[in-house]
Amino acid sequence: MSTEGAGTPTAPTAPVVIIGPMGAGKSSVGKRVAKQLGVPFTDTDRVIVREHGPIPGIFADRGEPAFRALEAEAVRQAMATGGVIAVGGGAVTHAATREALGGARVVLLTVSPEAVAERITGSDRPLLASGGIDAWQTIMDERAATYAELAHTVVDTSRRPMSHVVDDVVTWLTSTEGAP
């Protein structure tokens, strides 16, 4: 189905999942891509907070493995809904979550350490609590291969206007509709 001249891009039939490190802009980009495409948007971190309370509290009270299990379930539910889904930076570390992403069109958002340093200052993200940008880089390095393996396309968000990032993602989605 083509939308040439129609003004609104054709919505993808497969769910679109936005992955990437903390501070890359997954939620902001995902929300805007979904709006442009006219499809639902799910931020799995927000789903978890709504259903289970603040993420730092889950990490503190129940540990990371319990959080990752809740996250995997949120991803499974979001995949059933479809549309555009933004997942937490560490979602890809959990086997059940990676399995749940089957059939999705996966967009990896990247960001430079310099750009992310400005974005995460004062953050309450549990995995950065004691290490700041150095902890971010360590986590990014640990996850980089998994991100690359899952991604169907990569878009950098470091120093680009959000509208350009969103346009790049929408253009890729509409030009490759039907491709996994």
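The legends below describe close-up views of a predicted model, beginning with the whole chain and moving on to its sheet and helices.

In this predicted model, local features are given where pLDDT is at least 70 and side-chain atom pairs count only at pLDDT 80 or more, while totals for chains, interfaces and linings use all residues. Residues are numbered from 1 along each chain as its sequence is written, and side-chain values use heavy atoms, with hydrogens and water left out.

**View 1. The protein has eight helices and five strands.** Helices (H or I, at least four residues) and strands (E, at least two) are DSSP runs, numbered from the N terminus. From that terminus on, the elements follow the order β-α-β-α-α-α-β-α-β-α-α-β-α. Of the 180 residues in the protein, 48% are buried, where buried means under 20% relative accessible area, exposed over 50% and partly exposed in between (1.4 Å probe, protein chains only).

**View 2. Five strands form an open sheet with parallel pairing, in the order β2-β3-β1-β4-β5.** The edge strands, each of which pairs on one side only, are β2 (41-43) and β5 (153-156); two strands pair if DSSP finds at least two bridges between them. The twist from one strand to the next averages 20 degrees. Strand β1 (residues 16-19) pairs with strand β3 (residues 84-86) in the parallel sense over three bridges, and Ile18 stands opposite Ala86 in β3.

**View 3. Helix α3 (residues 55-62) has Ile55, Ile58 and Phe59 as its buried residues.** Because these residues cover an arc of only 100 degrees around the axis, they lie on the same side of α3; the arc is that of the directions from the helix axis to the C-beta atoms. On the other side of α3, Ala60 and Asp61 are exposed. The cover over the buried residues of α3 includes α2 (44-52) and α4 (64-81), with contact meaning heavy atoms within 4.5 Å. Just after α3, Gly63 takes a positive phi of about 90 degrees.

**View 4. The axes of helix α1 (residues 26-37) and helix α8 (residues 162-175) come within 9 Å and cross at roughly 55 degrees.** This angle makes α1 oblique to α8, since angles under 35 degrees count as roughly parallel, over 145 as roughly antiparallel, 65 to 115 as roughly perpendicular and the rest as oblique. Axes are lines fitted to C-alpha atoms, for helices over the stretch in contact, and angles run from 0 to 180 degrees between N-to-C directions. The residues that meet include Val29, Arg32 and Val33 in α1 and Val166, Val169 and Val170 in α8.
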